[in-house]
Amino acid sequence: MPLSEEQIATLLGMVAASEEDCIDCDKCFDHLAEFAEAELTNREIPDAMKHIQVHLEQCPCCHDEFTALMTALKTLEGEVTSG
């Protein structure tokens with residue numbers, strides 16, 4: 001089955017945005033909680049964690065995990081402040 005034009009464009013965009021020192025999913029997961037905490041508290045992402053942000057932009061699986069984590073943390077935060 002050939003790729004659609006949209007799929008090809010997406011793949012080319014991912015290749016163009018990739019960086020030489022990309023991290024793998026395991027390294028991303030190791031730092032995901034720390035990254036989420038920075039996001040939740042609206043702190044600037046430290047330069048040392050920029051690679052996490054880049055990985056999340058490029059990896060749909062890790063992005064989905066991050067989104068789920070953020071949703072859970074926001075839900076818990078709401079329960080704590082209302083309870």
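Is N42 buried or exposed? At 71% relative accessibility, N42 counts as exposed. Here buried means under 20% relative accessible area, exposed means over 50%, and partly exposed lies in between (1.4 Å probe, protein chains only). The model is predicted, so local features need pLDDT of at least 70, side-chain atom pairs count only at pLDDT 80 or more, and totals for chains, interfaces and linings use all residues. Residues are numbered from 1 along each chain as its sequence is written, and side-chain values use heavy atoms, with hydrogens and water left out.

N42 sits in the loop between α2 and α3 (50-58). Helices are DSSP runs (H or I, at least four residues), numbered from the N terminus. N42 is not a glycine, yet its phi is positive, at about 55 degrees. E44 is also placed in the loop between α2 and α3. Its relative accessibility is 70%, and E44 counts as exposed. From E44 to C61 the separation is 17 residues in sequence and 24 Å in space, C-alpha to C-alpha.

One salt bridge is found in a search of the whole structure. The term requires a side-chain nitrogen of Lys or Arg within 4 Å of a carboxyl oxygen of Asp or Glu. The partners are R43 and E37, with their closest N and O atoms 3.6 Å apart. R43 is partly exposed, with a relative accessible area of 44%. E37 is partly exposed too, at 46% relative accessibility.

The interior was examined next. In soluble globular proteins, nonpolar side chains tend to be buried together. A nonpolar core is a set of buried Ala, Val, Leu, Ile, Met, Phe, Trp, Tyr and Cys residues joined through side-chain atoms within 4.5 Å. The largest such core has 14 residues. Those with the most contacts inside it are C28, F35, I52, L56 and F66. At least two residues of this core come from each of α2, α3 and α4. The largest share is that of α2, with five residues. Contact means heavy atoms within 4.5 Å. Neighbours within four places in sequence aside, C28 is in contact with I23, I52, H55, L56 and C62.

The structure also holds one aromatic pair. Rings of Phe, Tyr and Trp (its six-membered ring) pair if their centres lie within 6.5 Å; planes under 30 degrees apart count as stacked, over 60 as edge-to-face and the rest as tilted. The ring centres of F35 and F66 are 5.4 Å apart and the planes stand at 65 degrees, so this pair is edge-to-face. F35 belongs to helix α2 (residues 25-40) and F66 to helix α4 (residues 60-82), so the pair ties together parts that are 31 residues apart in sequence. F35 is buried, at 2% relative accessibility. F66 is buried as well, with a relative accessible area of 12%.

Helix α2 also carries D30. D30 is exposed, with a relative accessible area of 59%. D30 and I52 are 22 residues apart along the chain, and their C-alpha atoms are separated by 9.8 Å.

L11 is placed in helix α1 (residues 5-17). L11 is partly exposed, with a relative accessible area of 44%.
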